[in-house]
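Please work through each task before reading its solution.

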There are 2 protein chains.
Amino acid sequence: MSPALSHEADPAGADWADRRADARRNHERIVAAAVEVFAERGLEATVPEVAARAGVGKATVYRSYPTKADLVEAVARHRITWLIERVDAAARQPDAFEALRSLLIDIAERLASDRFLVEVLPHDQRWNGQTRSTEQFAGLVAAAVEQGRLRPDATLQDIRVLVGGYSRVLLDLGIRDPAQWRRYAALALDALRT
Amino acid sequence: MSPALSHEADPAGADWADRRADARRNHERIVAAAVEVFAERGLEATVPEVAARAGVGKATVYRSYPTKADLVEAVARHRITWLIERVDAAARQPDAFEALRSLLIDIAERLASDRFLVEVLPHDQRWNGQTRSTEQFAGLVAAAVEQGRLRPDATLQDIRVLVGGYSRVLLDLGIRDPAQWRRYAALALDALRT
DNA sequence: GCGTAAATGGACCCGTGAGTCCGTTTCGTC
DNA sequence: GACGAAACGGACTCACGGGTCCATTTACGC
């Protein structure tokens with residue numbers, strides 16, 4: 001459904017043009033299945049599970065992704081792209097604090113249905129390293145501090161820890177209700193208020 | 001070192017009196033090793049690891065604890081006891097909010113060095129069910145709300161989610177510095193302030 | 001010291017999941 | 001429609017962790 005599922009979004013320079021039609025079709029199915037299965041079960045999901053969901057033998061999965069880690073990376077790139085875009089959008093808004101607030105709500109709603117994302121984010125460099133988008137995110141926090149809406153010592157790291165934290169626990173407890181997730185997003189932000 | 005390591009603290013009615021001296025000694029070593037290993041590695045720790053740490057064959061571990069789950073339960077009881085006592089003490093203090101504050105700090109410092117506890121608490125009935133001590137804890141929160149120091153909708157569940165949350169992430173990130181842990185404990189409480 | 005039951009631990013079984021091999025099927029071309 | 005290459009997937013190996021077995025060792029009452 002998302003365009004990021006198509007082939008050109010995948011390994012750098014993979015030339016899908018000259019692959020057989022059935023291979024292309026299966027590859028699409030595999031990525032879609034992986035996104036689903038990992039979202040449901042997190043990193044605990046197995047390659048055979050993904051293969052079964054895709055209606056394919058597991059050797060076929062291993063042909064596209066030589067190791068489970070490669071498959072995880074492909075899914076991670078796919079999912080994190082959404083977050084990056086959302087941060088970009090927030091960074092463009094005039095009111096930093098309000099932008100931050102709605103960003104956290106959006107993120108909460110996404111994380112509520114994606115165990116994989118919750119487990120992977122704390123370790124992913126696109127989220128924790130110094131990239132353009134993390135710097136935009138940090139800028140947003142700094143601006144909200146400047147506005148006097150967040151405490152002076154508030155950092156992006158604080159947001160990562162708090163959001164990553166309640167997300168994990170809510171998933172563990174099997175809490176799906178989006179209202180609850182939004183509430184904790186708001187609480188996390190309140191923790192950083194002046 | 002702790003008295004809870006001794007035998008009478010273990011399975012209900014286990015009569016250690018008539019066991020051979022070497023068996024008693026090994027059993028002590030096993031519990032101590034299990035506490036250590038689980039604290040370091042969480043539930044990922046294996047029974048062979050515990051056995052190795054105790055300087056004992058793994059069959060010896062399985063003689064005391066027929067399954068890994070039994071061993072986990074023994075360690076969980078051992079570790080959670082400390083928390084319960086701490087909650088009891090807090091419940092006796094006059095100022096509920098202040099009691100809560102120092103309780104959270106204490107808990108943070110304990111969790112910082114015990115991955116096992118962080119992983120187990122969200123699932124443990126002694127911590128989440130309705131027991132005397134969880135009711136005391138909830139009473140503490142209610143009292144702080146009554147004082148007007150916490151927001152009206154603050155619950156014990158909120159504290160569990162926030163504390164369990166940042167703890168997991170800090171451990172994942174390998175952050176050990178107690179000052180950081182105390183800071184997040186304070187942030188979590190701030191999230192629930194009026 | 002000696003005999004016996006208790007305790008031990010290395011060797012083993014079993015299930016599971018990652019990753020590989022290769023005989024068979026399917027696509028696409030001529 | 002037939003042929004060769006590409007793709008497939010069932011069956012395999014391997015590593016590892018939970019849990020069991022049993023020949024050997026050890027404590028301890030006599």
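For the first exercise, Ala, Val, Leu, Ile, Met, Phe, Trp, Tyr, Cys and Pro count as nonpolar, Asp, Glu, Lys and Arg as charged, and the others, Gly among them, as polar. The model is predicted.

**Exercise 1. The surface near DNA strand D**

State how many residues surround DNA strand D, which elements supply them, and how they divide by class.

Solution. 
1. DNA strand D is surrounded by 22 residues, and the closest are A:Asn26, A:Gly57, A:Ala59, B:Ala21 and B:Ala59.

**Exercise 2. The side of chain B that touches chain A**

Determine how many residues are in contact and which helix of chain B gives the most.

Solution. 
1. Contacts join 17 residues of chain B to 17 residues of chain A.
2. On the chain B side, helix 9 (156–172) and helix 10 (178–191) each supply at least two residues.
3. Helix 9 of chain B gives the most, with 10 residues.
4. The residues on this side of chain B divide into 11 nonpolar, 2 polar and 4 charged.

**Exercise 3. The relation between the copies**

Identify what relation superposes chain B on chain A, and explain why the copies meet through the same surface.

Solution. 
1. Chain B is superposed on chain A by a rotation of 180° with 0.0 Å of shift along its axis, at an RMSD of 0.1 Å.
2. This is the relation of a two-fold axis.
3. Because 100% of the interface residues of chain B are also interface residues in chain A, the copies meet through the same surface.

Definitions and conventions:
Residues are numbered from 1 along each chain as its sequence is written. Chains are lettered from A and ligands numbered from 1 in the order in which they are written. This is a predicted model: local features need pLDDT of at least 70, side-chain atom pairs count only at pLDDT 80 or more; totals for chains, interfaces and linings use all residues. A residue is near a molecule or strand if its C-beta atom, placed from the backbone, lies within 6 Å of it. Helices (H or I, at least four residues) and strands (E, at least two) are DSSP runs, numbered from the N terminus. Copies are superposed by least squares on the C-alpha atoms of residues with pLDDT of at least 70 in both. Two residues are in contact if their C-beta atoms, placed from the backbone, lie within 7 Å.
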